[in-house]
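Here are a few ring-geometry exercises with worked solutions. Grab your viewer and follow along.

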Amino acid sequence: MSASMTAQRPDPDAAAPLPHDASASRRSYDVDALAEEIVEKLTYSIGKSPARARKYDWLRAVTLTVRDRIIDHWLEAEDARAASGGKQVAYLSMEFLIGRLLRDAINNLNLTTQVAEALKRYNVDLDMIELLEPDAALGNGGLGRLAACFMESMASVGVPGFGYGIRYVHGFFRQEIADGAQVELPENWLLHGNPWEFERRERSYEIGFGGKVTSVVGEPGKPPRQLWRPAERVLAVAYDTPIVGWRGAHVNTLRLWSAQALDPILLDAFNSGDHIGALVESNKAEAITRVLYPADSHQAGQELRLRQEFFFSSASLQDIIRRHLETNESLSNLHDKVSIQLNDTHPAVSVAELMRLLVDVHGMEWDEAWEITRQTFSYTNHTLLPEALEHWPIHLFERLLPRQMQIIYAINAAVIRQAMESKGFDGGRIAAISLIDENNGRRVRMGQLAFVGSHAVNGVSALHTDLMKETVFHALHELYPDRIQNKTNGVTPRRWLMEANPGLTSLLKETIGEGFLDDISKIRDVERFATDAGFRDRFAAVKRENKARLADVISERLAISVDPDALFDIQVKRIHEYKRQFLNIIEAVALYDQIRSQPATNWTPRVKVFAGKAAPSYLQAKEIIHLANDVARVINSDPAVRDLLKVVFIPNYNVSLAEIIMPAADISEQISTAGLEASGTGNMKFALNGALTIGTLDGANVEMRDHIGEENIFIFGLTASEVAQRRREGHSGRSVIEGLPLLRDALHAISSGVFSPDEPNRYNGLVGNLYNNDWWMIAADFQSYWDTQRRADALWADPAEWNRKAILNTARMSWFSSDRSIREYAADIWRTGTDA
Ligand SMILES: *Cc1c(COP(=O)(O)O)cnc(C)c1O
């Protein structure tokens with residue numbers, strides 16, 4: 001490179017895009033070329049010879065080789081996009097729970113056989129290499145995993161888009177179990193570097209906090225301009241990861257922001273000897289993207305969290321505006337070129353920030369800016385739980401984001417005026433729609449802000465959307481009756497069927513051809529084989545292999561041996577009272593009791609598997625984990641139950657563990673208190689892999705029942721409206737428990753220390769709650785749950801019938817593909833095209 005070129009590096013974004021010559025550079029997919037290139041990467045990018053390379057070196061070399069093939073598609077996609085000037089989607093999400101990327105990329109490029117062959121030449125096993133990749137856990141659970149499935153589906157069905165989020169240095173914590181209790185350890189996914197990401201220093205933006213707003217007299221006849229002078233500023237730097245869709249058809253970008261200090265070191269302070277003080281700014285800035293808050297379905301409420309939310313919202317909006325102005329004259333057509341989806345309220349401050357950027361920075365009139373803002377945003381609600389709805393104390397908001405606070409007041413005044421004038425809203429209904437909660441020491445309500453700032457608001461299952469209209473957004477729905485719509489969640493069949501369950505995928509290919517790989521609705525063709533005894537046996541054999549694989553994991557990690565021929569009854573998800581792991585554990589205890597007192601009965605051998613993390617500050621959830629482990633220890637070591645019942649808690653639930661667990665389940669536990677689970681997506685992954693669901697009529701379970709057929713799913717318990725009714729009546733568990741000896745005895749065993757002899761009172765609180773209030777309807781639903789489990793036992797005794805139903809589950813789950821969800825968003829909310 002010549003000196004003149006290095007001296008003045010052109011801004012790559014400013015240069016007119018040169019078309020990328022794909023044919024010239026596109027890398028070969030054949031085995032020889034791959035083998036050669038892997039060694040080239042090993043030699044020249046990593047500096048190792050094949051003989052001296054270690055496992056991680058091979059992982060890196062393979063990743064770089066595969067990555068080059070994605071980059072070909074990526075650059076093509078960017079050029080095509082720039083040339084077409086079509087509409088794009090920006091998916092703003094605080095969380096992307098993407099998991100490992102290598103297998104996903106290799107599968108989507110249809111390179112699995114070739115890469116495995118190429119590596120075999122050096123005696124390296126691709127499966128082993130893939131398992132070394134750290135799990136990118138930039139999310140808590142369902143919400144973050146949904147964002148990851150959506151990114152993959154957008155790239156598969158051809159919705160051009162960006163995911164925008166935060167590059168947390170420490171993702172979701174690693175969970176260990178010590179003496180039965182959860183221990184949280186920091187996770188360090190960037191330890192070995194991250195070969196998937198590209199740092200884009202040229203894509204960096206200043207983000208302000210605090211300071212003052214001053215009014216500047218504008219031109220004659222124009223209102224004064226407001227100028228925000230932040231007291232603090234940090235830099236948001238972009239890191240891009242390519243997300244490749246099925247068959248490499250499209251590649252989208254996941255752009256994650258990292259915080260850096262504007263001045264990495266305060267030289268004045270350093271030179272005067274204050275070496276620590278010199279780094280204070282830099283530490284404070286970088287703290288913003290250091291950790292993911294580990295609370296799921298619970299508002300974190302800390303100032304740092306609000307900083308994170310504003311930081312990534314503002315960076316993303318500045319980036320969207322800059323990209324828009326590269327190819328457009330003005331911002332007046334922003335809403336025709338970009339659709340911004342707010343994944344929950346975490347990025348809701350974007351509504352105020354976009355108004356600020358349009359009005360204060362780009363000089364747009366307020367009314368036009370408001371129209372564009374509303375046309376640009378749409379908002380997905382993920383929960384109705386009051387403790388999860390975000391709201392910020394006014395004083396905090398005002399101190400951190402003074403100009404955004406003014407804008408929120410102005411929006412609020414306009415909305416309230418309109419509600420009074422057009423609909424005659426008065427006291428109670430005005431209070432319900434107000435962006436300011438006046439009852440709780442004055443707070444900004446982020447749900448209301450996201451709602452009024454969006455042209456479309458969606459729930460994530462039919463039931464959840466109906467409940468949204470009836471509860472949290474009742475008054476806003478009255479004011480804007482066309483705004484709420486439903487978009488039932490989905491999961492990507494590439495990761496959750498093809499990659500997680502290669503055995504079933506092969507069997508399906510042999511039986512119905514490969515069409516379902518490109519169009520998952522074709523999986524329905526397997527339905528007619530449900531009554532074919534030969535096919536049923538092969539289906540069962542695949543399940544048996546997957547169970548053996550999980551049994552190996554359980555044996556390696558926990559030194560517990562479980563029988564792959566037993567019924568695998570699995571509940572894996574975040575630990576939460578509303579998800580009712582406690583109900584499942586009580587059933588295990590009751591079953592244990594019954595097996596001991598009636599040893600001669602023909603019990604169905606069961607393995608109950610649990611996994612999931614509790615928020616570190618959520619004490620009840622941590623007690624539930626402790627109880628599961630205590631119960632497991634006692635039952636597994638009791639010779640009286642033999643192999644009839646095993647209870648296992650597998651630590652550190654994450655995406656990679658889920659990929660092993662989902663294909664190995666016979667029963668999927670989806671037993672939340674009805675009305676509380678917005679959708680669930682774990683339920684979909686299990687059923688797609690042929691597990692039978694035992695579940696309440698909650699979230700997407702309701703629609704799963706409609707698709708799978710009610711005779712092929714075990715539904716039990718109170719409905720959402722019955723739960724609401726009981727709560728209104730002041731239900732408490734005591735009378736129920738006293739009338740059910742089975743439940744009463746199980747609870748007595750738990751609260752009298754049978755499972756916690758070292759601390760007999762450990763579970764008094766947990767059990768006491770059921771007697772005193774039973775808010776989650778555990779006692780209320782127990783009998784129904786028990787009876788339904790025994791119906792499952794009876795069905796298990798008839799393997800042909802069980803497998804027939806399991807096959808029908810797989811055959812009928814295609815509607816729950818995230819491809820379908822994305823096509824609906826594209827058609828009804830984003831108004832962008834898709835390939836098909
Ligand atoms: C799918 C998934 C979830 C969501 O599970 P639910 O049962 O819907 O709560 C959470 N965590 C991981 C790792 C997942 O893969």
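Which residues form one aromatic cluster with Tyr91? Tyr91, Phe150, Tyr825 and Trp830 form that cluster.

Some ground rules first. This is a predicted model, where local features need pLDDT of at least 70, side-chain atom pairs count only at pLDDT 80 or more, and totals for chains, interfaces and linings use all residues. Residues are numbered from 1 along each chain as its sequence is written, and side-chain values use heavy atoms, with hydrogens and water left out.

**Exercise 1.** Classify the ring pair Trp775 and Trp776.

Step 1: recall the rule: rings of Phe, Tyr and Trp (its six-membered ring) pair if their centres lie within 6.5 Å; planes under 30 degrees apart are stacked, over 60 edge-to-face, the rest tilted.
Step 2: check burial (buried is under 20% relative accessible area, exposed over 50%, partly exposed in between; 1.4 Å probe, protein chains only). Trp775, at 42%, is partly exposed, while Trp776, at 13%, is buried.

**Exercise 2.** Do likewise for Trp815 and Phe816.

Step 1: their ring centres are 5.1 Å apart with planes at 85 degrees, so they're edge-to-face too.
Step 2: Trp815 comes out partly exposed at 26%, and Phe816 buried at 2%.

**Exercise 3.** Find a charge sitting over the ring of Trp775.

Step 1: the test wants NZ of Lys or CZ of Arg within 6 Å of the ring centre and within 35 degrees of the ring normal.
Step 2: the charged end of Arg727 sits over the Trp775 ring, 3.7 Å from its centre.
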